[in-house]
Amino acid sequence: MSTPEINIDDVRHEIGALVTESSNPRYPDLSAMSTTELVTAMNGEDALVPQAIERHLPVIAAIVDEVAARMSRGGRLIYVGAGTPGRMGILDASECPPTFGTDPSLVVGVIAGGRAAVNQAVENAEDSQEAGADDMAALELTANDSVIGLAASGRTPYVIAAINAAKAQGAYTVGFACNSNSPLGAAAETALEIELGPEFLTGSTRLKSGTCQKLVLNMISTLAMVRLGKTYKNVMVDLRATNAKLHARSERTLMQVTGCDAATATAALAAADGHVKAAILAILTGLPAEQASALLAENAGFLPAAITAGSN
């Protein structure tokens with residue numbers, strides 16, 4: 001992994017102008033505060049995050065619609081970041097298979113330095129433009145894919161290079177930063193720049209910035225899945241019962257949605273090989289589980305359409 005020569009004076013000047021690197025004037029000396037004052041102050045700073053996100057909801061909604069449209073044509077959702085933002089992307093991606101029954105290749109988290117960087121810092125990984133481009137090339141992106149670059153500063157070389165490479169391959173790109181007028185936002189097709197003010201601990205962007213990234217990624221992945229028919233009403237119906245907790249949750253979901261008793265839910269879930277959506281369709285229409293699964297496939301996995309078709 002090669003890293004271009006970096007002038008530290010230039011970097012010092014660059015980050016000195018960033019809100020995410022500025023000092024919070026409300027808390028000049030943390031050690032002088034009581035523990036109660038400290039937790040109250042941190043909680044107050046965290047409460048600012050949803051307020052800041054609210055000002056950007058129209059942009060987030062547009063991103064969700066674009067991501068969902070491309071995923072409906074067979075595309076993937078890919079997060080790319082370094083350090084904390086990269087870990088946030090991996091966290092969100094890893095939760096999609098158990099929540100929505102998706103293949104692990106559908107939502108992907110990519111982090112500078114590779115998987116080793118999930119648990120510990122990989123020195124200089126975020127400075128490598130070559131690695132950012134290479135990691136995108138390895139994914140063999142298409143025009144149906146969406147790539148969201150994550151960088152609190154909005155200046156991370158690895159992430160900007162990844163976004164430029166993804167754009168060159170025809171993918172839809174989003175630059176998600178916590179500073180306005182960022183190079184990352186400028187590089188992407190859509191800029192999502194949510195300023196949160198100085199961090200409670202100067203420069204520690206795992207705090208408000210990390211919380212902001214987590215909340216927004218929750219929105220993007222969850223609501224894209226809603227648009228793709230991975231939910232029914234307000235419940236998870238595409239999960240599969242792969243452990244005791246998920247089995248119990250699946251049975252409860254069947255009982256809640258269909259009004260059936262526990263014995264019926266258990267039998268239907270077993271017949272559908274643990275697939276909640278197919279079990280719901282079988283109960284509501286009286287179809288055998290295998291036929292219910294086929295009917296779901298015919299209706300692109302959308303349960304309301306399948307219920308209508310199976311009831312006629």
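User: How are helices and strands defined here, and how many does the protein have?
Analyst: Helices (H or I, at least four residues) and strands (E, at least two) are DSSP runs, numbered from the N terminus. The protein has 15 helices and 7 strands. This is a predicted model, in which local features need pLDDT of at least 70 and side-chain atom pairs count only at pLDDT 80 or more, while totals for chains, interfaces and linings use all residues. Residues are numbered from 1 along each chain as its sequence is written, and side-chain values use heavy atoms, with hydrogens and water left out.

User: What does the C-alpha trace span along its principal axes?
Analyst: The C-alpha trace spans about 70 × 50 × 35 Å.

User: And what share of the residues is buried?
Analyst: Buried residues make up 47% of the 312 residues. Buried means under 20% relative accessible area, exposed over 50%, and partly exposed in between (1.4 Å probe, protein chains only).

User: Which residues have the most contacts inside the largest nonpolar core?
Analyst: They are I148, I194, V216 and I220, in a core of 32 residues. A nonpolar core is a set of buried Ala, Val, Leu, Ile, Met, Phe, Trp, Tyr and Cys residues joined through side-chain atoms within 4.5 Å.

User: Which elements supply at least two residues of it?
Analyst: Helices α3 (48-54), α4 (57-72), α5 (83-100) and α10 (208-227) do, as do strands β1 (77-81), β3 (146-150) and β4 (172-177).

User: Which residues does I220 contact, sequence neighbours within four places aside?
Analyst: I220 is in contact with I60, I63, V64, L77, Y79 and I148. Contact means heavy atoms within 4.5 Å.

User: What does the second core include?
Analyst: This separate core has 25 residues, and Y232, V237, A265 and L269 are among them.

User: Turning to V107, where is it, and is it buried or exposed?
Analyst: V107 belongs to strand β2 (residues 107-111). With a relative accessible area of 4%, V107 is buried. Leaving aside neighbours within four places in sequence, V107 touches M71, L77, Y79, A93, C96 and M225.

User: How many aromatic pairs are there?
Analyst: The count comes to 1 aromatic pair. Rings of Phe, Tyr and Trp (its six-membered ring) pair if their centres lie within 6.5 Å; planes under 30 degrees apart count as stacked, over 60 as edge-to-face and the rest as tilted.

User: Why is the pair of Y27 and F200 classed as it is?
Analyst: The ring centres of Y27 and F200 are 5.2 Å apart and the planes stand at 55 degrees, so the pair is tilted.

User: Which parts does the pair tie together?
Analyst: Y27 is in the loop between α1 (8-16) and α2 (35-46), and F200 is in the loop between β5 (190-193) and α10, so the pair joins parts that are 173 residues apart in sequence. Y27 and F200 are both buried.

User: Now the backbone: what is phi of E140, and what is phi of K233?
Analyst: Phi of E140 is near 50 degrees, and phi of K233 is near 55 degrees. Most residues other than glycine have a negative phi.

User: Where do E140 and K233 lie, and are they buried or exposed?
Analyst: E140 is in the loop between α7 (129-138) and β3, and is exposed, with a relative accessible area of 64%. K233 lies in the loop between β6 (231-232) and β7 (235-236), and counts as exposed at 72% relative accessibility.
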